[in-house]
Amino acid sequence: PGLVEAHNNLIYVHQFLPDISLEEILDDHGKWNLVHALSLRGFERPFENSREPGRTLTLGFVSPDFRSHPVAFFIISVLEALARENCRIICYANQKKSDPMTERFKALSSRWRDVAALSDDDVHGLIMNDRIDILFDLTGFMENNRLLLFARKPAPLQVTWAGYMATTGLTAMDYIIADRHEIPEGSERFYTERVIRMNDSFVCYEPPPYAPPVSGLPALTRHYVTFGCFNLLCKISEQVIDVWAEILTRLPGSRLLLKTKELSCKSTGERYLSLFSQRGIDSGRIELLGRTPHREHMESYGRVDIALDTFPFSGSTTTLESLWMGVPVVTLPHETFAGRHSLSFLSTAGLPEMAAADKAGYVQIALDLAGDLPRLAAMRSSLRQRFASSPLCDGNTFARYLMKELRIIWSEWCKA
């Protein structure tokens, strides 16, 4: 019962359940806090940080993903911009691998700390000695997290951001960074943290420099529409397949391309083909692709006309990559944070009409797009430029707004 890793995994996979609610997610995380974290509040020590609202702030960031990883692509431009603001940045790297992206994080840091081999108690001491004013968790319950470090409260203010898709449930976590799409007004009660809402999306995206140019619309030369989804298979439930099968049934001749690392396994692919076959969709209309190097993965979007998002757990990096490669994404938002990533990104990129209100609307959006190839081709040719000029790629503006919000919460702590 006390095995923290198993409990981490349990509450994470619950978020893929078709009918999971915000209330259930809050309850899951609250129980984890009660079992594993609450007793660690006894490690708290008085903070010696100077209570001056206007002074240079020291920001700490804890992550195993200061490398070529989705989280890094979400935050690198923001941290580089923050480093030019009135603050010091210290990165606590809980990782053993490094790459050129790691070097960028090291370059922006006032101090770099390798902490993968250190205990939570030791890292707690480092953070206290570094006099971190605001400490960021960039992992949540994902792999190699240090939530039990945060449970010890080594910094006056603690913020969770970018790497997870729900409340942490920790009473020691003070804030969560979101936006009006991820946590709409009225949903705050399902988060133990206070909500910091960004003006636009809750992250910024830096596309990989090796992303190939946007290709022409495949349907114009193939004479059939190819739908696609590159999300993890655990997001593709039978209720998702029901909706996709309806789209394929109502648009004879169309195809579906599924690509994800799990489909490198032949028997897994056969199982999914069987699920479509049970719904009357011939396996010849479904193409399955497995793991490839990331550049080839990005090139594969050139074979897709329309991306179909998963629900209730939507795409995140896959949605951003689709848009960067000129492929519009049809999404069905859910009430959970994990179910609203695509809504946030599409709305910020100026495509809110791609978000459906229900399953019938999702089907209709997909069919309407497929039935208007000139519109689809125009979207494909303009999407990358629209994306690049949107707030999704504006790390400087994001950093200025975030710094303003951090100044507010820091001033509140200074007065407390």
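Predicted model: local features only at pLDDT ≥ 70, side-chain atom pairs only at ≥ 80, totals over all residues.
Close-up 1. Residues are numbered from 1 along each chain as its sequence is written, and side-chain values use heavy atoms, with hydrogens and water left out. Tyr92 is likewise bridged to E3, where its partner is Arg113. E2 (residues 87-93) pairs with E3 in the parallel sense over four bridges; strands pair if DSSP finds at least two bridges between them. Strands (E, at least two residues) and helices (H or I, at least four) are DSSP runs numbered from the N terminus.

**Close-up 2. E2, helix H4 (residues 100-108) and E3 form a right-handed β-α-β unit.** Right-handed denotes a clockwise path from the first strand over the helix to the second, with the strands pointing away from the viewer.

**Close-up 3. Strand E1 (residues 57-63) runs parallel to E2 and is joined to it by seven bridges.** Leu57 stands opposite Cys87 in E2. Helix H3 (residues 70-82) lies with E1 and E2 in a right-handed β-α-β unit.

**Close-up 4. Seven strands form an open, parallel sheet in the order E3-E2-E1-E4-E5-E6-E7.** Strands E3 (111-114) and E7 (194-198) are the edge strands, each pairing on one side only. Five bridges join E6 (residues 175-179) to E7 in parallel, and Tyr175 has Arg194 of E7 as its bridge partner.
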